[in-house]
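Here is a friendly walk through the cores, pockets and aromatic pairs of one protein model. Have a look at the sequence and the fold before reading on.

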Amino acid sequence: MPVINRIAGFADDMKTWRRHLHAHPELGFECHETAAYVVDRLKEFGIEEIHTGIATSGVVAIIEGQGKGPTIGLRADMDALPIIEATGAEHASTAPGRMHACGHDGHTTMLLGAARYLAETRNFAGRVALIFQPAEELGGGAGVMVKEGVLDRFGVEQVYAVHNAPGIAAGTFMTGPGPVLASDDTFHIHVKGQGGHAANPQETRDPIMAAVGIAQALQTIISRNHYARDEMVLSVTQIHAGTADNVIPDTAYLNGTIRSFVPEVRDMAKRRMEEIVKGQAAAYGVEAELDYQYGYPPTVNDPDKAAFAAEAARGVVASDQVIFRENREMGAEDFAYMLQARPGAYMVIGQGDTDGLHQPGYDFNDDIAPLGASYFVRLVETAQPAR
Ligand code: NI
């Protein structure tokens, strides 16, 4: 059973929606124009129950099927990134410094495609909740929606999301049981020493040496404190200090990220960072403060729902285009908050050999939008068949 014919029939419309969204990217929670565009399309499809302003600019729309039944949630993210676009495409961003470089324009389009089909056919029992969220890239819009009670309010019992993947053959679906994406905690370390003339370091307490010492020592959390079988990444991504060749500065800053799949690992990392920062500061004769921020939790698929999602994908593409296996990536995704609250699965769909996510040359592959929409539809019609 290939891509749903009716959806293939309006693939050109989907391309139009996607390119419009691409040309008008918005950031974070402020996805108001995107939300308005989504609402206009949903109304065109004959969908009456539309709730706006959730998590600032999120939209939840309900499609009633045939007869009573549970509610299944389908989620798409709408926000873009602060990147200067370099695709040269006709539909390139018209907003300087903003760009749909993660394909959320495509995700929104896939869910709109599914919405159009489901509103027309209503060949399912119960209800579908279409969840369009802002602030996936920064701010955790999905978590805010959960906190605002979206899943309870609309009685959502299971949730699903799709993300495109460059570097995987176009139309290949991939998911697996358990953790699929990591948590992403961040740390900021402020080192305060005593600056002075670089010719007289003996009169200073050099924050740069301390910052470098801290950066080196932090890596021992991975090599000495961490259980090797649990994946973990600790990257120092920024060190800032100084203004001149001949001046030792007063302060230095280090920032970075910690990725893992296990809550205990995150707590261990925080505890060891506190100890190392304190110890290194004492060793170098400076003061240092750690600000550890817990970010998105790991994205964890329900094993049964993930298997079910793979089965739904097999209803759209050939079986050998559906990969189902344990597969952990160190990236992060705020859909994790929805999967903490409800069972469900995160599905990846290959978009072929294109520039990578978050790259200025990236563009969503319009050819996979009908596949993603068909997958959403199969989920609904299989999970909640019309009687
Ligand atoms: Ni993304």
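Is Tyr 292 buried or exposed? Tyr 292 is buried, as its relative accessible area of 8% falls under the 20% cut-off. Please keep in mind that this is a predicted model. The points below take the aromatic pairs, then the cores, then the pockets.

**Aromatic pairs**

- Eight aromatic pairs turn up when the whole structure is searched.
- One of these joins Tyr 160 and Phe 308, whose ring centres are 6.3 Å apart with planes at 55°, so the pair is tilted.
- Strand β5 holds Tyr 160 and helix α9 (residues 303–314) holds Phe 308, so this pair ties together parts that are 148 residues apart in sequence.
- Tyr 160 itself is buried, with a relative accessible area of 0%.
- Tyr 292 pairs with Tyr 294 in an edge-to-face arrangement, at 5.2 Å centre to centre and 65° between the planes.
- While Tyr 292 is buried at 8%, Tyr 294 is partly exposed, with a relative accessible area of 41%.
- Phe 10, Trp 17 and Phe 45 form a cluster linked by ring pairs.

**Nonpolar cores**

- The largest nonpolar core has 59 residues, and those touching the most other members are Leu 42, Ile 47, Leu 74, Leu 118, Leu 130, Phe 132 and Tyr 375.
- Leaving aside residues up to four places away in sequence, the contacts of Leu 74 include Leu 111, Leu 118, Val 128, Leu 130, Tyr 160, Phe 376 and Val 380.
- Another core, of 27 residues, lies apart from it, with Ala 211, Met 232, Leu 254 and Val 277 among its members.

**Largest pocket**

- The largest pocket holds about 530 Å³ of space.
- Its lining counts 22 residues, and Leu 181, Glu 329, Gly 331, Tyr 346 and Leu 357 lie nearest the centre.
- At least two lining residues come from each of β5 (156–165), β6 (173–175), β7 (178–181) and β16 (344–350), and β5 gives the most, with three.
- Sorted by class, this lining has eleven nonpolar, seven polar and four charged residues.

**Second largest pocket**

- The second largest pocket has a volume of about 280 Å³.
- It is lined by 13 residues, with Glu 136, Glu 137, Leu 138, Asp 184 and Tyr 296 closest to its centre.
- Strands β8 (183–192) and β13 (287–296) each give two or more residues to this lining, and β13 supplies the largest share, three residues.
- The class make-up here is five nonpolar, four polar and four charged residues.

Methods
Residues numbered from 1 in each chain as written. Predicted model: local features only at pLDDT ≥ 70, side-chain atom pairs only at ≥ 80, totals over all residues. Heavy atoms only, no water. Core = buried A, V, L, I, M, F, W, Y, C linked by side-chain atoms within 4.5 Å. Buried < 20%, exposed > 50% of the residue type's maximum accessible area, 1.4 Å probe, protein only. Contact = heavy atoms within 4.5 Å. 1 Å grid on protein atoms, 1.4 Å probe; cavity = no way out; pocket = protein on both sides within 12 Å on 5 of 7 lines; lining within 4 Å. Points joined across faces, edges and corners; volume = space filled by probe spheres on them. Helix = DSSP H or I, 4+ residues; strand = E, 2+ residues; numbered from the N terminus. Nonpolar A, V, L, I, M, F, W, Y, C, P; charged D, E, K, R; others polar. Phe/Tyr/Trp six-rings, centres within 6.5 Å; stacked < 30°, edge-to-face > 60°.
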